[in-house]
Amino acid sequence: MNQLTLFLPCAAGVEEYLAPEILQITGLPPGCVTKQRGGVAVRTSFAHAMLLNLYSRLAQRVLVLVSYTEYRSEQDLYRAGLQVPWEQWFTPRESIKVEVTAQHSPLTSLNFAALKVKDAVCDRFREVANGVRPDVNTQWPDVRIYAHLTTDSCSLYIDTSGEPLFKRGWREDKGDAPLKETLAAAMIAASGWASGDEDLMPLYDPCCGSGTVAIEAAQIACNIAAGSLRRFAFEKYRPFRSQEWADMKAEAAANVVKPEPGQAALIYGSDVSHRMVDFAQRNAQRAGVADVIEFRGGDALQRMPPIEGGGVMVLNPPYGERIGIGGVAGEGEGARFGARDVAQTDEGVDFFNQLASHWKKNYSGWTAWVLTPDLKLPSKMRLKESRRVPMWNGPLECRLFKFDMVKGRLTKGAAAQEPND
């Protein structure tokens, strides 16, 4: 298990940040890593697959490539699946689930394709395990197998993660449209907040919701491994060595850094909904960073900087809801909490125009990174972005805009021109 090809899928646009994260976690030379659209491939070992599950904040899963073949029909998929030595990975006592994704595949039914791969796995075990085959469990399988089809090629993967890696194990309280932890980590990575050897600047999310951005930042600051609170599928696989895994987790725990008693908070979050602030505080407690973050209720249009001297704001502001004052959100007629289309204040004035005005007046010296599906947001805010980073939030194409705050007033002629990506 020392000559494996792994594929770590991620949100489109995050590959640039995932590749260096993989190198940092594994210590591998750059030539072992290949960036692809929607993920990063890496040539390495099963031990590194465990490490990447434990530490990666940006990957959605850690997959092992077990077969790459050309195909024309479902029968070719069956033959490919039959040739994989699945018995080296798991026993027939483990339940399985097969999922198929495709880009320009000529096959008419992906469900039938998945059925043929499942048949191949079961028939392989019948041959090597005295007629015993694994059961199928579509809800909570022990083993997830993925087939990815292109026009003429089929890649078969076995998943070492189990539940997707954004499920860190600490977020039990959340709103209706929570930001995934992996995307929050990608926003922080793109901002460069934790890059380099200099002391960390204060970080603030004025629309923190259930606290995802602030908690991810706090765990980064404390050097807490992203997967330290959860279990993984590889713990049931045959190559798994429990002592090796215990040593990895013990090293991760030993490397955690906590603030000195009485040290001022470095990371801040606030939200107009006091209910969401309560959620954020409980999540931070479970994540082990409650003493690193200061959460408060308050309207983003009124809240002053949490600390003097400037810092970094990282936020995914709300869309498609009416933004109330004094701790009430999503109560307008027809409003749906957590939807993401257009935001207005209770007075009907554009929220983002007012937010930009508030920042210009009170947040001199701060840098704001705003993730939004609205590609025209800079002109709506009448701010000139200094950088824009393409990112996808699930199926939504978004931009992470960087705004450098300079004290002053907005004018009617200050609308930003939009450069091409």
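I began with Asp159, which is buried at a relative accessible area of 0%; buried means under 20%, exposed over 50% and partly exposed in between, with a 1.4 Å probe and protein chains only. I noted that this is a predicted model, in which local features need pLDDT of at least 70 and side-chain atom pairs count only at pLDDT 80 or more, while totals for chains, interfaces and linings use all residues. Residues are numbered from 1 along each chain as its sequence is written, and side-chain values use heavy atoms, with hydrogens and water left out.

Next I looked up the partner: Asp159 forms a salt bridge with Arg61, with 2.7 Å between the closest N and O atoms, where a salt bridge is a side-chain nitrogen of Lys or Arg within 4 Å of a carboxyl oxygen of Asp or Glu. The two lie 98 residues apart, Asp159 in strand 7 and Arg61 in the loop between helix 2 and strand 4; helices (H or I, at least four residues) and strands (E, at least two) are DSSP runs numbered from the N terminus. Arg61 is buried as well, at 14%.

I then checked Lys35 and Glu16, whose side chains meet in a salt bridge at 3.2 Å, N to O. Here Lys35 is partly exposed at 44%, and Glu16 is partly exposed at 49%.

I counted 19 salt bridges by this rule.

Last, I turned to the largest nonpolar core, which has 98 residues; such a core is a set of buried Ala, Val, Leu, Ile, Met, Phe, Trp, Tyr and Cys residues joined through side-chain atoms within 4.5 Å.
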